[in-house]
Each structure stands twice: as structure tokens, then as C-alpha cells.
Amino acid sequence: MHVKYAVLAIVLASAAFYAFGRHGREVDLSLTPPAAIRQAAAAGSSSPDSQQPAPELAQAQPPATPPGQPAQRPPVVDESALRYFASQGDTRRLEAELARLRALYPEWKPPADLTSPAQTGDPELERLWKLFSEGKIAEVRAAIAQRGTREPNWRAPVDLVARLDAAEAAQRLVNASNARQWEQVIRIGTETPALLTCANVDALWRVAEAFVQTGKPERARDAYSYVLGNCNTPAERIGTMQKALATLPDTLTDALLAQERQTEFSSIRDEIARRRIGRAAEDTKLTVSADDIRRVEALANAATTPDDAILLGFYTLRHNDPVKAEALFQSALQRKGGAKAAEGAVLALAANRKYREAEALGSQWLDAGAANRKAYLDAVTSLITQEPAPKLDRAVVERIAKTVATDRYAPGAAGLGWYAYNAGQTSPAETWFETALSWDRGYEPAAYGLALARQRLRDQAGLRAIVNDWGGRSERIAALLDPRRNRASRGQDAHGQDARDQQQRRDDVAAPAVPVIRERDPIEPALSRPVRSRAARQTVQTVQADSDAEPVRRRQAAAPASGSCGNGQSGAAALQRGWCLLNLKRPAAAAEAFEAAMRSSSGQVAADAAMGKTYAKLQQGLTAEANVAAAQTNPAPAQRRELSALLLSERFYAQYDHKDFNGALVTLSERARLAPETTDLMMMRGWSYFHLGRYTDASRVFTALYRSNGSPQALAGLTAIGDVTRQNRY
């Protein structure tokens, strides 16, 4: 098929982007075909885009014949390149050369037989064309120079020289484009108009990009329009639209789409619809046309891949159609849509108030990435904050608590606080609300929950502390101590919160204890551990009776009946308050008090405060922070042994949770040199042996525990060993 290639002219216009040409004039880079320029000039147009073609184009046109003078002879056309490409069977270059010569010499007619040798054959010139066709530009230049030295009167064909100039200019243009020297790209295009033809669409694309990068998108649109108006190769036409789509706004690409031939841009229109829907999915203020939605829906229904269903799913989810979004995400999951489809499905299920299904699906994708964890946490926060508290399996609550603790997600911690509060578990609720505030000090729902928990626990001093801190920021917290509100509500609440609390406890008697964070092996008995670890739960109560521990014990304040721990500002008062809060099972508040004591004191008070902060962080389950606090202490020997044993216990729990049973046993042995092994640690030692296949060692531990206290967990361990060994026997 014949391919038309036309030279891209560059004409003068004052409103356009200017660059200096080779003759020192400022030339406009409007992209207009040569024929259009000639037609405009013949019509006497005053348009700045048609007054004067570029110098190179003017030289290529035959001079006009003055009136009364005989017609000039037709220009001599160098056909050597044409004949060489024909002899080599290089159809692509042959057609490009034909188009170039027709553009330069409109009256010229190509020879009927291009394969016959020219009347003036020149084997050496043919060799030059061969080198040129192989891209050996430097060798062609060297051969021309050598022949010029041997034959001073010989001149290389103008066409060959022009082609060499264009090839070298093309390389300079590519180099400038790769180096992002956009003005240089435009300058080279200005100086070499013969380069900007359908024979070198890549150069046109690079010039268009340079226009975009220099703030002239309309000029880039003209370049792309030139390709679509003059070039016929399908891949280059589609590639041109793809580049325009990536760099130009919709207002400029619409005009380019109008140059479509039949339905060649169908895939481009699909991509435009996807792009619009994607933007609207991110910005709910944007909407898209019904045609775009129908187009992407058709793509989603016809495809076997999940991408279009996911894209449309997020759009419909964020534009208040969660039912449709759920169906799209489920379809994407069936097509192996992976983490993104799962994220959308969890969000859609939660939006449709299918919280349990959202939790079950989201739990399978917790390791897929931050977006999946966030979707899961948002869904389960809605699940656990329902009233009345939903009946959830223990494993589900443990999974939620563990994820919340790992991500330090304040809304989730507050949600667990509300779950415990609504289930009548007020003390765990208080701990979770405190934990949420320790992660986000400005999270008002956690502060309000903490105030209600302290009110239910009749901790008036603690309630007043919350109201004093938050009263100016939260009307509902301030109202908790408003006498008028209390009087107004006393009548309607005459039968009291206590009655509702008792009913709630009856309703939720089977609700799992909150909080818990560790998942367990199915055959392992319930060894639930709250977010405050076993090793630290009774830290204050288990200080050893060693005389070296007495200085710290004397500073530990027993919790008064009123629940008030004072509010002194000195370092010693803050230390006293910290120990008091720790005894009240308020580790987050205790940690703040100990930090205040460390900031305002030195010496023994600061050391004791660092020790207290370590215990508080351990009670919260923040082992890493506890280690940091421990490094700031200089305890007495007995205290050092106690603290080391606590930290080793935490290391053991972490290793056990990660199924590093060998490491866990090593840590237990190290701890055994510092403190006796507690019953629960012995139980977990037995299960560590069990998981490693050391059934004899496991049996010895479980037997000792069963004989000492008749532990049902130890009996379960012995039963599990018997089941496994019988299976192995048969």
C-alpha cells in the first residue's frame, strides 16, 4: 500500500513558542503541511501561520516563473537513492523516498522502471547509499571526504547530503530528548523540517513531548494532529493517540479523536473511559457519563481479567452503590483479582453492613499490605461497636485484638473498648480506651469511652480528670459532670444503669474476654493472653521481698479506695502517682506519670520512674518500648533479676507466637536462671516440645503439671500426645 509522507513545515507566528533557527531568525513552530502553506499564500491569507514557510521549505520549492519569461526547465531530481532502495527490495525506504521527492518536486514523475540502472551509473556512489541504508553515517561521511580529496571536482549528491544531515539531526534530537533538553529538541526540529515527516514519527512524538514540557500543549496537539492527518501506519496512529492521551487534557484529545478512521481508536476510547472513572473513584466530587460507565461495564463483563471490575467497583462504592460494588469485587476475586479485589470486597461488605463476612474475608488478606489491613480494621471496628455487642467467636475477637495491637490503630482499640463496655466487661474496656488514647492523644471517642468506663466503675477522681482535660473540647464529656444534666436524666434513668448493666451481662455471659491478641494452634487449650502480658499483669504485686527491692516498694503507692492518685507536679509526686495508677490497672496513664517523673527528676527518683515506665509498657504489651525504658534504669540486683525475667518472658511469648519453638525453649532456659518457671510458662514449654515432635519431653512436663494441680490443660496435652503417637503407630 502506498504511504504518503509529507514534510512538516515550520512557519512564523508571533503568538507561538519561539526558538532561533539556523539563519538567526525567530521561527514559529506551528505544524502545517507544505500544501496548506502554499494554498494559504496563493489566497493572500494574512494568517501568521501561513505567511512565510521555513527557509528549508522555501529552498525546496521550485522558483516562480516571472511573467513573459519562458518556463524554466524541470528541476534535476536525484533518483539515485530511489533506484538503490528499489534494487535492494527495501519497500519501506522506497515508499518513504517516493513521498519525500513528491513533496519536494510536485511536478516530478517517478521512472516507470526503477530497477534499471541509471544512465550515469556510479558504483562508488551506490556503495555510499548502501552504507547509508545500513546506518553507517560516519563511514559515509569519511568516504565522501576521501573521494572529494581524490576528485576535487566531484560533489556528493545534494539528496545524499541532505539525508546525512537529517540522520545526524535525528540522533541529536533523540539525545536531547533523552536528556530532557526540551528547548534543544524544538530547535533541532525547527532547523531540520525534513526530519519531521511520517518517515520518522518518533521525532514528531519527541517534538510534541517537548512542547508539552515547555508549557505549549496546543503545539503538541498540532504535532499529533499532523501525524493523524498524514500518516497511515496503524501502529503509529494508535501510538500517537496513546501518547496524546498520556500528556494532553481531555479538551485537546477530543479533537484528535475526531480524526479516527473507522473504529481504529476503540481501544483508546476504552482507556479514556477507564481514566475518567479512575479519577472519579478517587474524587467523589467527580462523576462520569453513562456512556463511559456502559463502556467499562461491557469491558468488565467480557473480560476474564479483574482490572475493569475492580476499577468500576471502587467507583460505584464511592458513589453510594455498595451493592453493585460488592458484586463487582466478588467477580474480580473469582478472576484472581488478588489483594486489591479483596480490599474492595471488604469495604463493600462493610458498607452493606455485612460486618462478619467482611471480617472473615479480610482476615485472609491481612498479610497482603497496608491497604488490606486498613480495610479490615475499618470493617471490624464497625463490627465491634454495634449495640448490643454482637456474639463473636473467641478466635475472631483474638484476631481483631491482635491486629489492632500490631497496627496501633486507635479507632480499633476504642472499638474493642466499646465492645467490652457493651458486653459488661468494664475494666478491660477502660484499658482499651486508655490504650487508644496512648496511641492517639486527640481521639475524642476513646476519651468519652474512658469517661463512661470510669463512671461505671465509680472512679469519680478518674472521671473528673478526663472531664478537666476534655471538657473544653467535647460537650458530651463535659456534660457527664453537669448537675443539670444529671438531674434531668435521673428521672428517666431511675431504674438505673445498673439494671441495664445486669441485663447486658446476662445477655453477654458467653462473650469472650477482651482484650486478647494471640492466635493458637487448634489442639492447644485456651491460654489466652491479654494485650497486657502475663509476665507484667501483676508486676506491682509480685515485687520480691528482697531487701534490695525495698526502695522501690516503699515508693509504690497503694491505690486509695476513692481511686484518686493525686495530682502533684513534683517528680516524687509523679512517681507516686505512677505506682498508684499501675496498681489501678491503668498502665497508659501510669506510663505518662512515670515519664513526667523522669523529666522533672534525677537520681533515684528518675531511676525508679524508668523502672515503673518499664512495668507500665509491659502491662500494655509494648515490649519494644519496655526494653527502651529498661535501658534507662540502673536497678538494684534483685530488681535487675526481676526485670530481666519479665523481658525474657515477653521474648518467649513473641517467639512462641511466631512458632519459633526452639528459640522459645532457649529463652525459657535463660529465664529459669533468674526466676522460677510459672505454671503457664511450663504449660507453654510442654506445647513447644509437642510442636517440635519431642513427645517424651512434652509428656514429662504435662504429667508433672497434671499431678501437681490436676490441670485440665495438662490433661489435654497428654491426650493430644496420645492421639499423635497412636496415629504414627498405625
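1. The protein's secondary structure amounts to 38 helices and four strands; helices (H or I, at least four residues) and strands (E, at least two) are DSSP runs, numbered from the N terminus. This is a predicted model, in which local features need pLDDT of at least 70 and side-chain atom pairs count only at pLDDT 80 or more, while totals for chains, interfaces and linings use all residues. Residues are numbered from 1 along each chain as its sequence is written, and side-chain values use heavy atoms, with hydrogens and water left out.

2. Of the protein's 730 residues, 49% count as buried. Buried means under 20% relative accessible area, exposed over 50%, and partly exposed in between (1.4 Å probe, protein chains only). Taking contacts between residues at least 6 apart in sequence, 60% join residues at least 24 apart; contact means heavy atoms within 4.5 Å.

3. The largest nonpolar core has 72 residues, and Phe329, Ile400 and Val404 touch the most other members. Its largest share, eight residues, is supplied by helix H21 (residues 410–422). A nonpolar core here is a set of buried Ala, Val, Leu, Ile, Met, Phe, Trp, Tyr and Cys residues joined through side-chain atoms within 4.5 Å. A second, separate core of 36 residues has among its members Ala176, Phe211, Leu228 and Met241.

4. Leaving aside neighbours within four places in sequence, Phe329 contacts Ile310, Gly313, Phe314, Leu317, Ala341, Gly344, Ala345 and Ala348. Glu282 belongs to helix H13 (residues 266–282) and counts as exposed, because its relative accessibility is 67%.

5. Two packed helices are described by the angle between their axes and the distance between the axes. For helix H9 (residues 201–213) and helix H10 (residues 217–230), the axes come within 7 Å and cross at roughly 165°. H9 is therefore roughly antiparallel to H10. The axes are lines fitted to C-alpha atoms, for helices over the stretch in contact, and angles run from 0 to 180 degrees between N-to-C directions. Angles under 35 degrees count as roughly parallel, over 145 as roughly antiparallel, 65 to 115 as roughly perpendicular and the rest as oblique. The crossing of H9 past H10 is left-handed, that is, the near helix is turned anticlockwise from the far one by less than a right angle.

6. On the H9 side, the contact is made by Val201, Leu204, Trp205, Ala208, Glu209, Phe211 and Val212. H10 contributes Pro217, Arg219, Ala220, Ala223, Tyr224, Tyr226 and Val227. By class, the contact of H9 with H10 holds 12 nonpolar, no polar and two charged residues. Ala, Val, Leu, Ile, Met, Phe, Trp, Tyr, Cys and Pro count as nonpolar, Asp, Glu, Lys and Arg as charged, and the others, Gly among them, as polar. Phe211, listed in this contact, is also included in the second core.

7. Thr192 counts as buried because its relative accessibility is 11%. Neighbours within four places in sequence aside, Thr192 contacts Ala166 and Ala169.

8. In helix H5 (residues 123–133), the buried residues are Leu125, Leu128, Trp129, Leu131, Phe132 and Ser133. They pack against helix H3 (80–87), helix H4 (91–104), helix H6 (137–150) and helix H7 (158–178). After H5 comes Gly135, with a positive phi near 80°.

9. Most residues other than glycine have a negative phi, and most peptide bonds are trans. Two non-glycine residues with positive phi deserve a look. Arg180, in the loop between H7 and H8, has a phi of about 60° and is exposed at 51% relative accessibility. Lys336 has a positive phi of about 65° and is placed in the loop between helix H16 (322–334) and helix H17 (338–351). With a relative accessible area of 76%, Lys336 is exposed.

10. Gln655, in helix H34 (residues 637–657), is buried at 17% relative accessibility. Not counting residues up to four places away in sequence, Gln655 touches Asp660, Gly663, Ala664 and Thr667. Gln655 and Thr667 are 12 residues apart in sequence, and 8.8 Å apart from C-alpha to C-alpha. Arg685, in helix H36 (residues 679–691), is buried at 13% relative accessibility. With residues up to four places away in sequence not counted, Arg685 touches Leu665, Leu668, Ser669, Glu677 and Val701.
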